[in-house]
Amino acid sequence: MRSEPIDIRDRGPYSVDQFRVKDDYKDDLECLLISEGEIDSRITCLADEITHAFGGRGDVEVYAMCVLKGAMQFFGALTPQLDLDVPVNEGAIKASRYSSGETITEEAEIEWLDEELIEGRDILVVEDIVDEGYTLQSVRNQLEEFNPNSVDVAVLFDKRTRRKVDVPVDYTGFVIPDEFVVGYGLDYDERYRDLRHLAVLNESARND
Ligand code: IMP
Ligand code: MG
């Protein structure tokens, strides 16, 4: 009962004036890829699939884990729509890969905030985007050290053309083209997280 992700790689974009975008952001955006309405509808569908999958697993408590900061909006839309009989604990981690000059680390550094909630629980990792795959791989590997009962991963956007490591994802919202995207929680230099749609950032805005 799991749907295929929506692959938008062969679909034309929207122009910035076809949906409501704040004036401060308009000049920085090349185009819009996915509207807020489409994202929200897709998240409802993912919530149903997760509810169905976890519902058949007995009475293990669930820990829903938001990967900060990019997944905050996805997490905030998804978790209230889960309808599970068992208690669901909510929490967050911070995962970052560090760059120096041209190189960026493969292993992500992870700040665990409440690792005592992981042991013996069914974990739902909620992540904004999987690109090369290293961040999610680090999260999965390091999670195992805290002995969860199971680990499921939900990712809103998948840039799979750029994947370097094959990391399993259980629930995927959209497959998107190889572009730097912002909005719906995703940032560039801490900007644009509050943009309601997923957009492609201009080259010039990235170099400012
Ligand atoms: P990965 O390790 O290459 O899979 O990178 C995943 C992380 O990089 C995500 O969790 C995001 O925080 C960030 N990231 C990757 N692509 C984008 C993008 O297009 N816009 C904003 N952040 C991105
Ligand atoms: Mg992220």
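Select glutamine 142 and alanine 108 to begin: a polar atom of the glutamine 142 side chain lies 3.4 Å from the backbone oxygen of alanine 108. Such a polar contact is a pair of N or O atoms within 3.5 Å; within protein, one atom must be able to donate a hydrogen and the other to accept it, and residues adjacent in sequence count only if both atoms are side-chain atoms.

The model is predicted: local features need pLDDT of at least 70 and side-chain atom pairs count only at pLDDT 80 or more, while totals for chains, interfaces and linings use all residues. Residues are numbered from 1 along each chain as its sequence is written, chains are lettered from A and ligands numbered from 1 in the order in which they are written, and side-chain values use heavy atoms, with hydrogens and water left out.

Glutamine 142 belongs to helix α4. Helices (H or I, at least four residues) and strands (E, at least two) are DSSP runs, numbered from the N terminus. The relative accessible area of glutamine 142 is 16%, so this residue is buried. Here buried means under 20% relative accessible area, exposed over 50%, and partly exposed in between (1.4 Å probe, protein chains only).

**Second stop: ligand 1**

Which residues come nearest to ligand 1? Of the 16 residues around the ligand, these are Arg97, Glu132, Gly133, Thr135 and Val181. A residue is near a molecule or strand if one of its heavy atoms lies within 4 Å of it.

An oxygen atom of ligand 1 is 2.7 Å from a polar backbone atom of glycine 133, and an oxygen atom of the ligand is 3.4 Å from a polar backbone atom of tyrosine 134. At valine 181, a polar backbone atom lies 2.7 Å from a nitrogen atom of ligand 1. The protein buries 82% of the 490 Å² that ligand 1 exposes when taken alone; these areas come from the Shrake-Rupley method with a 1.4 Å probe, and for residues only the protein chains shown count as cover.

Colour the shell by class to see six nonpolar, two polar and eight charged residues. In this scheme Ala, Val, Leu, Ile, Met, Phe, Trp, Tyr, Cys and Pro count as nonpolar, Asp, Glu, Lys and Arg as charged, and the others, Gly among them, as polar. Then select β8 (122–130) and α4 (134–144), each of which supplies at least two residues of the shell. The most comes from β8, with four residues.

Is arginine 97 buried or exposed? Its relative accessible area is 19%, so arginine 97 is buried. A polar atom of its side chain lies 2.7 Å from the backbone oxygen of threonine 105. The arginine 97 side chain also makes a polar contact with the side chain of glutamate 132, at 3.0 Å.

**Fourth stop: backbone geometry**

Most residues other than glycine have a negative phi, and most peptide bonds are trans. Against that background, select leucine 68 and lysine 69: the peptide bond from the former to the latter is cis, with omega near -10 degrees. Lysine 69 is in the loop between β3 (62–68) and α3 (72–78).

Move on to the loop between β11 (181–182) and β12 (198–201), where tyrosine 184 is found. Tyrosine 184 is not a glycine, yet has a positive phi of about 50 degrees. With a relative accessible area of 2%, tyrosine 184 is buried. Tyrosine 192 is likewise placed in the loop between β11 and β12, and has a positive phi near 80 degrees. The relative accessible area of tyrosine 192 is 3%, so tyrosine 192 is buried.

**Last stop: helix α2**

Finish on α2 (residues 36–55), which contains aspartate 48. Aspartate 48 counts as partly exposed, because its relative accessibility is 46%. Glycine 37 and arginine 196 are 159 residues apart in sequence, and their C-alpha atoms are 9.1 Å apart in space.
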